[in-house]
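Subject: A two-chain model for you to explore

Hi there,

Here is the structure I promised to pass on. Have a look at it first, and then read my notes below.

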Amino acid sequence: MRGVVWYIERDFLRWVRGKVAVFSALVMPAAWLIFVGLALPIRFTDNYLDFITPGILVMTMLSAGLSGGTLLMFDKILGFLPKFLALPSPREDILFGKILFVSLRGLIQATIILVIAVLIGASVYSPLQYGLTYLILFLFGVLLSAFATTLALYLEDHDSFAAVNTMISMPLFFTSSALMPYTVMPDWLRILAMANPLSYAIDAIRAVNAGALPLSQIASLAVLGIVVTGISVQVFRRVTI
Amino acid sequence: MNVVETRDLTRYYGTLCAVSHLTLSVGHEIFALLGPNGSGKTTTVLMLTTMLRPTEGTATVCGHDVVREGEQVRRCLSYVPQDMAVDIKLTGRENALLYARLYGIAAPKDRVDELLAVMQLSLRADDLVKTYSGGMRRRLELVQALVHEPEVLFLDEPTLGLDVAARATIWEHITALKKGGMTIFVTTHYMDEADRFCDRVGIISKGTLLALDSPQSLKDCLGNDVITASIDGTFRDPRVDGVTLFAYANDEASFLAENGREALVLLADGFARAGVRVRSLSLREPTLDDVFLHTVGKPDEPAGFDQTKFRTMLRRRA
């Protein structure tokens, strides 16, 4: 398992030396927070910013998690993956490295989004509430990055991964409970939103903010995460070029 | 025991047969798999390095089966693919350290320092790889591959895209490694390099191994002198006794002859009779290129450029 650390170190160094990429990933969620969170005329709540912040945090993790696939895709196209696969160290280390790196990177990005939200008027919660929020975001990040990384193994090139990426992320975001509560949704959207794993994470964070402990949602995210990661490990062990 | 041993190794991609019933054994030597692009060289290396499952047949590396004992196989080999995959945003030292650590070397820093010195990269070790030349990047890849002292080193087109000096340096290192006890398995399509540096070569075309021997014996097999004729206009085989045409490409026809000096005269006469205009004739010793053309390339039917056929083809596309 020690290989995981070195794979993470490699990705981390490449990320922080990339300069532009460090900020570019923050632009989209920050824009949502400011332009939608502050501007949308909403009747169902007094503080829409508080309502939408969990959604934006999960959105940040969503794009962070999917970027695990992009990273692996480039490793594959540029010929790093064959070299890693030819190493005697366990192949699942490559997977765990990507999962942990993009999830932790997502948490760093989520922290910045959280700070921006508070600066423009979102409520401040207790350390325990933030701790639980981070736990939920992390579980969600693991689920998404394991899925995206494994998917990238099977797709031919970066274009098809980018297409799948867009195809997944936008509908997933809009059919979740990120933008509005279930009560104001049309019926058909409510059904979709309730089945959407994005909603589990968003609802869980909202529950935490309201002072509850959303055990069922946390448990379902954890179980989903473990199942998807387990399948991914098997795939990585058997992968051929 | 041989280091690399294959028996009827075969790989299909769908219905396309990339490697067909390849049987060879490689001992402690520099072995080159020679072949044109798409002949199955890389597929063979991928199977031997456990990254591709053979459709049929078996292969062992250092006595371990490549399908069943993947991890043991990977422990005794290193693989350098043709893509030059080094992280340009990391320094040379960081790139090498990553591999030393992934291999679980006891003293990774010392080992990396030592190898960077061998590959003459010490002075630039802490610069970003972005600033490295192609030859330096290739040497850095060798550092990465050598950190765990593999028994066998697989190099896929190690000199592709490098200048003459860088290519010579790479081959110096490869030769030194072999002297140090390592088995080197390279693929290349540079005949001159295979001729000069490799102990044995296997010529592969369309997935089939056509010849397997030392470069010298392969050349001796041709046995004769090679005459090259530079042709002006249409080419026809003059059919002179004791002279055989074995390749024709780019207005250049190559012949094998028992006695070169005599054949030159006969050939010149033959061309004159056949009405073929010849710009020059030259006589030389056979090279590995000739062996290759002789084994792989059947002489193409000399056909002129067919204007009508070409137009029809273009029209069909539009």
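Read along its sequence, chain A follows the pattern α-α-α-α-α-α-α-α-α-α. That makes 10 helices and 0 strands, where helices (H or I, at least four residues) and strands (E, at least two) are DSSP runs numbered from the N terminus. Please keep in mind that this is a predicted model: local features need pLDDT of at least 70, side-chain atom pairs count only at pLDDT 80 or more, and totals for chains, interfaces and linings use all residues. Residues are numbered from 1 along each chain as its sequence is written, while chains are lettered from A and ligands numbered from 1 in the order in which they are written.

How does the radius of gyration of chain A agree with that of a compact globule? For 241 residues such a globule would have a value near 18 Å, and chain A has 18 Å, so the two agree. The radius is taken over C-alpha atoms, and the globule rule is 2.2 Å times the number of residues to the power 0.38. Along the principal axes, the C-alpha trace of chain A spans about 60 × 35 × 35 Å. Of its 241 residues, 47% count as buried. Buried means that 20 or more other C-beta atoms, placed from the backbone, lie within 10 Å of the residue's own; exposed means 12 or fewer, and partly exposed is in between.

Chain B has 11 helices and 14 strands. Its C-alpha atoms fill a box of roughly 75 × 50 × 45 Å along the principal axes, and buried residues make up 42% of its 318 residues.

Now to some strands of chain B. Strand 1 (residues 4-13) and strand 4 (residues 56-61) of chain B pair in the antiparallel sense over 5 bridges; strands pair if DSSP finds at least two bridges between them. Within this pairing, Thr6(B) has Ala59(B) in strand 4 as its bridge partner. Strand 4 of chain B is also joined by 2 bridges to strand 5 (residues 64-65), again antiparallel, with Val61(B) opposite His64(B). The hairpin of strands 4 and 5 of chain B has 2 residues between the strands, and Cys62(B) takes a positive phi near 50° there.

Where do the chains meet? 19 residues of chain A are in contact with 20 residues of chain B, contact meaning C-beta atoms, placed from the backbone, within 7 Å. On the side of chain A that touches chain B, helix 1 (2-16) and helix 4 (80-85) of chain A each supply at least two residues. The largest share, 5 residues, comes from helix 1 of chain A.

Phe80(A) is found in helix 4 of chain A. It counts as buried because it has 20 C-beta neighbours inside 10 Å. Leaving aside neighbours within four places in sequence, Phe80(A) is in contact with Asp75(A) and Ala85(B).

Finally, the largest nonpolar core has 136 residues, and those touching the most other members include Val58(A), Phe140(A), Ala96(B) and Phe154(B). Such a core is a set of buried Ala, Val, Leu, Ile, Met, Phe, Trp, Tyr and Cys residues joined through C-beta atoms within 7 Å. Helix 3 (residues 48-77) of chain A gives the largest share of this core, 15 residues.

Enjoy exploring!

Conventions. Two residues are in contact if their C-beta atoms, placed from the backbone, lie within 7 Å.
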